[in-house]
Amino acid sequence: MKFGALVALASVAVPGTAGAAALSDAIRSDMPELMALYRELHAHPELSMQEVWTPARLAPEMRKLGFDVTERVGKTGLVAVMSNGPGPVLMLRADMDALPVKEQTGLPFASTATGKLPDGTDTPVMHACGHDTHMASWLGTARRLAAMKDRWSGTLMMILQSGEETGEGAKAMLGDGLYARFPKPNYVLAFHDSAILSAGVVGVTPGYTTASVDNVDIKVRGVGGHGAAPQTTRDTVVLASRIVLALQTLVSREKNPLDPAVLTVGSIQAGSRPNVIPEEATLQITVRTYKPEVRKLLLDGIARIARGEAISAGVPDDRMPIITTREGQYTPATFNSEGFANRQLALFKGQFGAERTVVLPPHMVGEDVGRFWLDDKSIQGTLFWVGGVPKAKWDAVNGGLGKLPSLHSPYWAPDAEAVISTATEAMTVASLDVLKKGS
Ligand SMILES: [Zn+2]
Ligand SMILES: [Zn+2]
């Protein structure tokens with residue numbers, strides 16, 4: 001799929017009835033090609049930090065638009081810069097990675113791709129988080145802003161980030177000199193598709209928007225043996241089960257109920273036969289919080305409970321559980337700079353109307369985009385949400401969101417047309433506002 005001629009805008013594309021309509025029209029004419037790109041990306045998902053085909057597919061498109069493109073920043077990331085006179089530096093970020101999920105959407109362009117997990121295991125792969133919609137909108141925004149170079153002044157830096165799902169990508173790009181080799185931004189903007197908003201609705205959360213993420217592994221060790229002779233063993237499966245249940249009391253009994261936190265055991269692996277008590281069991285846990293002290297309470301509590309349950313099960317001292325926090329996958333909470341986020345809120349209301357623009361409460365999901373402005377107070381950043389739940393499904397459940405697939409579900413099939421057109425419009429309007437001439 002190749003892009004055709006750029007469509008120039010006839011009027012000023014800033015909020016206001018005429019400008020808003022002209023921008024919507026221009027994006028509408030881009031949509032057939034952006035949807036074709038979306039379907040192509042959807043059919044070619046790649047796992048975190050293994051994105052090779054994806055940036056190679058998009059790099060030439062950006063070069064054609066006049067961006068200076070650098071590939072392999074932070075392993076697989078891509079940086080595209082367009083310098084267009086004096087003014088601020090604005091960074092727009094889209095993430096590229098997919099998930100080890102077997103797609104069940106039944107879409108005609110559903111993924112049949114497979115990949116390899118870091119441990120070498122084969123797995124089906126799917127864009128179950130909608131990062132394919134992010135990339136299509138990212139290119140749509142690049143097209144619009146390249147076509148309207150006479151309407152803005154400053155530096156536009158557009159990045160494709162690797163490894164969002166594992167929390168590795170933003171750190172890898174920053175560690176590879178993102179702000180030394182390329183202009184350091186004054187502003188950063190990103191969006192994520194949303195499974196809790198109706199298609200085409202935009203949500204902004206000033207202040208904290210996504211939680212911190214820690215992934216913890218517990219290797220539970222017992223004494224293996226015959227399934228018919230449990231008295232000769234220390235049963236790891238029973239012990240692992242006790243640990244899973246006891247861990248839930250950290251959230252329900254030990255922390256202040258007014259402090260948000262989630263502890264989910266997402267994986268239990270043990271044994272291979274009905275009649276063998278295994279030597280080991282492995283638990284994989286994700287911990288989500290906002291406050292550092294709550295994070296510490298949960299991480300310390302996991303170690304204490306695992307050890308305490310092992311002692312109560314009579315596990316020998318030299319077989320105590322081994323707890324490993326995956327340091328490389330820690331993701332800090334994302335804090336949307338309040339003034340900047342409120343500026344987006346006002347802009348989006350002007351562009352889309354109040355009925356399509358909402359203030360969202362914070363989420364317990366994680367996003368590593370906040371790293372791009374976390375440690376430098378001179379940078380303002382906002383991550384906003386664009387609704388992807390198809391309108392008919394939204395109306396059918398009448399607010400019962402539990403009946404709809406969430407992000408990461410094998411059934412997540414957003415209304416991609418609504419997400420991509422809305423996000424392209426939102427990103428373009430926000431960029432023109434930041435980079436407006438004479439600002
Ligand atoms: Zn995700
Ligand atoms: Zn995501």
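## Pairing of strands E3 and E7

In strand E7, Tyr-187 is the bridge partner of Leu-90. Strand E3 (residues 89–95) and E7 run parallel and are joined by 4 bridges. Two strands are taken to pair if DSSP finds at least two bridges between them; helices (H or I, at least four residues) and strands (E, at least two) are DSSP runs numbered from the N terminus. The model is predicted: local features need pLDDT of at least 70 and side-chain atom pairs count only at pLDDT 80 or more, whereas totals for chains, interfaces and linings use all residues. Residues are numbered from 1 along each chain as its sequence is written, chains are lettered from A and ligands numbered from 1 in the order in which they are written, and side-chain values use heavy atoms, with hydrogens and water left out.

## The eight-stranded sheet

E3 and E7 belong to an open sheet of 8 strands with mixed pairing, in the order E1-E2-E6-E3-E7-E18-E8-E17. Strand E1 (68–73) and strand E17 (357–359) are the edge strands, each pairing on one side only. From one strand to the next the twist averages 25°; axes are lines fitted to C-alpha atoms, for helices over the stretch in contact, and angles run from 0 to 180 degrees between N-to-C directions.

Helix H3 packs on this sheet and touches strand E2 (77–84), E3, strand E6 (154–161) and E7, its direction making about 150° with that of E3. Contact here means heavy atoms within 4.5 Å.

## The four-stranded sheet

A further open sheet has 4 strands in the order E12-E14-E10-E15, with antiparallel pairing. Strand E12 (261–270) and strand E15 (322–325) each have a single partner strand, so one side of each is left without a neighbour in the sheet. The twist averages 20° from one strand to the next.

E12 and strand E14 (residues 280–289) run antiparallel and are joined by 9 bridges, and Val-287 in E14 is the bridge partner of Leu-263. Helix H6 (residues 236–254) lies across strand E10 (212–221), E12 and E14, and runs at about 175° to E12.

## Zinc site

Cys-129 (SG), His-131 (NE2) and His-192 (NE2) coordinate the zinc ion (ligand 2) at 2.1 to 2.3 Å. Donors are N, O and S atoms within 2.8 Å of the metal (3.2 Å for Na, K and Ca); water is not among the atoms, so sites may look incomplete. The zinc ion (ligand 2) lies 3.0 Å from the zinc ion (ligand 1), and Cys-129 coordinates both. Cys-129 lies in the loop between strand E5 (122–124) and helix H3 (131–147) and His-192 in strand E7 (residues 187–198), so the pair ties together parts that are 63 residues apart in sequence.

Cys-129 counts as buried at 5% relative accessibility, and His-192 is buried with a relative accessible area of 3%. Buried means under 20% relative accessible area, exposed over 50%, and partly exposed in between (1.4 Å probe, protein chains only).

## Nonpolar cores

The largest nonpolar core holds 58 residues, of which Met-62, Phe-67, Leu-156, Phe-348 and Phe-384 touch the most other members. Helix H11 (residues 416–434) gives the largest share of this core, 10 residues. A second, separate core of 26 residues includes Ile-218, Val-220, Val-287 and Met-320. Such a core is a set of buried Ala, Val, Leu, Ile, Met, Phe, Trp, Tyr and Cys residues joined through side-chain atoms within 4.5 Å.

## Overall chain

The chain contains 11 helices and 18 strands, and 54% of its 439 residues count as buried.
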